[in-house]
Amino acid sequence: AQVVTIGGRELILTTVTDITERREAEAALRESEAQFSALFEANPAAVALADASTGQLVAVNATFCDLVGLSREEALGHTSVELGILTAEDRDRWLDQLGASGGMGRHEMAFRHRTRGPRYGLFSAQTTAIGGKRLVMSVATDITDRKEAEAALRESEARFATLFNSNPVSSVLSEARTGLLVAVNPAFGDMHGFPPEEAIGHTSLELGIVTSEDRRGWMRHIESGRGMSRYEMPFRHPTLGLRYGLFSSQMVTVDGRELLLSVGTDITDRKQSEDLYRSLFEQSSDAVFVHTLDGKVLHANSGAAALLDFDRELLQAMAIPDALGGESSSVLARLGESGTARFGARLTRAGGRVLEVEGDARVIDRSRGIAQMVVRDVTDHRREERERRARLFALESMELIERAVRGTEDAEQMLRDFIR
């Protein structure tokens with residue numbers, strides 16, 4: 001208001017301006033700035049505002065301070081290069097990208113924490129104007145743990161791949177639901193007769209390796225959640241025909257996929273050897289015992305039952321000293337010490353007949369404490385040997401008598417000749 005003279009009269013001139021919109025705009029601005037400040041401070045990501053021309057930090061939030069290991073007072077008024085957060089090269093590349101596009105989205109970059117050393121962050125930046133000043137707003141999150149986990153995962157997968165491919169045992173990765181082979185190692189080709197390029201992308205059924213019935217039995221073990229360990233199963237080789245394998249399987253995660261890892265060894269030769277041993281074991285006329293080192297009988301053949309005149313099932317529930325007599329305890333002691341023992345003994349059959357026997361024992365699996373003992377009846381052989389010796393003694397005695405008689409006759413003739 002002001003005093004003015006109009007027509008000789010002094011008047012007060014008052015002007016009124018409607019500032020409602022300005023007041024509302026100022027209030028809105030204050031509210032916006034308060035919201036920005038609250039969002040800036042409460043943001044779980046690190047946020048910094050820097051002068052676009054100098055790079056000096058003008059505002060940082062608490063998360064930024066935690067990210068770089070600096071207090072707010074230490075950070076403000078300095079550049080990220082001066083503070084050792086970024087290298088000059090990284091900062092220049094960042095500014096070049098900002099100058100070209102006005103922004104930078106989710107850029108992975110190394111930075112340095114004051115006490116924890118090199119770290120990795122995911123950065124975004126945008127140029128903006130606040131209070132008439134051109135600023136760069138940067139947002140960053142620490143991804144060091146994720147990077148280390150990814151590196152550890154890559155290293156683990158590399159080790160797995162190396163182990164998988166160099167494993168001398170046949171190894172296969174397949175889809176559990178479809179059975180489709182995803183990866184096979186060279187040993188798989190050696191065992192099953194299919195090189196990787198012919199096997200991958202097919203199922204073991206399509207390749208004729210296993211039958212559908214065997215695969216169903218295999219998968220029942222897997223789906224029960226127990227996995228499958230040392231599962232004996234027949235398989236077919238394209239040129240060698242029917243073979244036998246010992247397989248183990250377990251679910252694994254590879255590149256985010258749930259796959260079935262299966263390993264197997266060809267036990268055909270071992271199985272044939274076991275069948276041969278079992279046949280020889282059963283058909284042997286000698287008594288054969290498989291037992292523990294402390295004497296518990298695990299298996300006894302029909303020859304053992306015949307030798308001792310015991311029921312076979314009863315014999316397999318006995319201990320060696322019970323079956324062969326107390327003297328066999330010393331045999332077990334020698335067997336445990338040296339791994340082998342030879343012996344001779346007299347034992348009484350269930351019917352009361354006394355037999356003379358000879359035996360050999362040896363440890364066949366020291367880790368499991370298992371030995372084998374072979375006992376043979378030498379009664380007839382010993383009797384024949386004694387009879388032969390008796391006959392030989394008789395013959396030798398008669399020869400001595402004859403020689404003595406001839407010697408006497410020669411002496412008498414010499415005496416007669418002397419007298420004459």
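Analyst: Welcome! On a 1 Å grid over the protein atoms alone, a pocket is an open set of points with protein on both sides within 12 Å along at least five of seven lines, and its lining residues have an atom within 4 Å of a point. This is a predicted model, in which local features need pLDDT of at least 70 and side-chain atom pairs count only at pLDDT 80 or more, while totals for chains, interfaces and linings use all residues. Residues are numbered from 1 along each chain as its sequence is written, and side-chain values use heavy atoms, leaving out hydrogens and water.

User: What makes Glu 274 and Tyr 277 stand out in the largest pocket?

Analyst: Glu 274 and Tyr 277 are among the residues nearest its centre, together with Arg 278, Val 290 and His 299; 18 residues line this pocket. Its space is about 570 Å³, a volume being the space filled by probe spheres set on grid points joined across faces, edges and corners.

User: Which elements supply the lining of the largest pocket?

Analyst: At least two residues each come from α9 (268-283), β14 (297-300), β16 (354-365) and β17 (370-377). The biggest contributor is α9, with 7 residues. These names follow DSSP runs, numbered from the N terminus: helices are H or I with at least four residues, strands E with at least two.

User: How do the lining residues of the largest pocket divide by type?

Analyst: There are 6 nonpolar, 4 polar and 8 charged residues. Here Ala, Val, Leu, Ile, Met, Phe, Trp, Tyr, Cys and Pro count as nonpolar, Asp, Glu, Lys and Arg as charged, and the others, Gly among them, as polar.

User: What do we know about the second largest pocket?

Analyst: About 400 Å³ of space lies there. Its lining has 26 residues, and Ala 50, Leu 57, Ser 80, Trp 94 and Ser 138 are the closest to the centre. Strand β3 gives the largest share, 5 residues. The lining divides into 18 nonpolar, 6 polar and 2 charged residues.

User: Why is a space called a cavity rather than a pocket?

Analyst: A cavity is a set of points where a 1.4 Å probe fits but cannot get out, whereas a pocket is open. Two or more lining residues come from each of β8 (170-174), α6 (186-192), α8 (212-226) and β12 (257-266).

User: Why is His 192 called buried?

Analyst: Its relative accessible area is 4%, and buried means under 20% (exposed is over 50%, partly exposed in between, with a 1.4 Å probe and protein chains only). Therefore His 192 counts as buried. This residue lies in helix α6. Leaving aside residues up to four places away in sequence, His 192 touches Ser 170, Ile 209, Phe 235, His 237, Pro 238 and Phe 247, where contact means heavy atoms within 4.5 Å.

User: Which residues of helix α13 are buried?

Analyst: In α13 (residues 328-338), they are Ser 328, Val 331, Leu 332 and Leu 335.

User: How do you know that they share one side of α13?

Analyst: They cover an arc of only 100° around the axis, so they sit on the same side of α13; the arc is that of the directions from the helix axis to the C-beta atoms. The face turned away from that buried side carries the exposed Glu 337 and Ser 338. The buried residues of α13 pack against β13 (287-292), α12 (320-324), β15 (340-348), β16 and β17.
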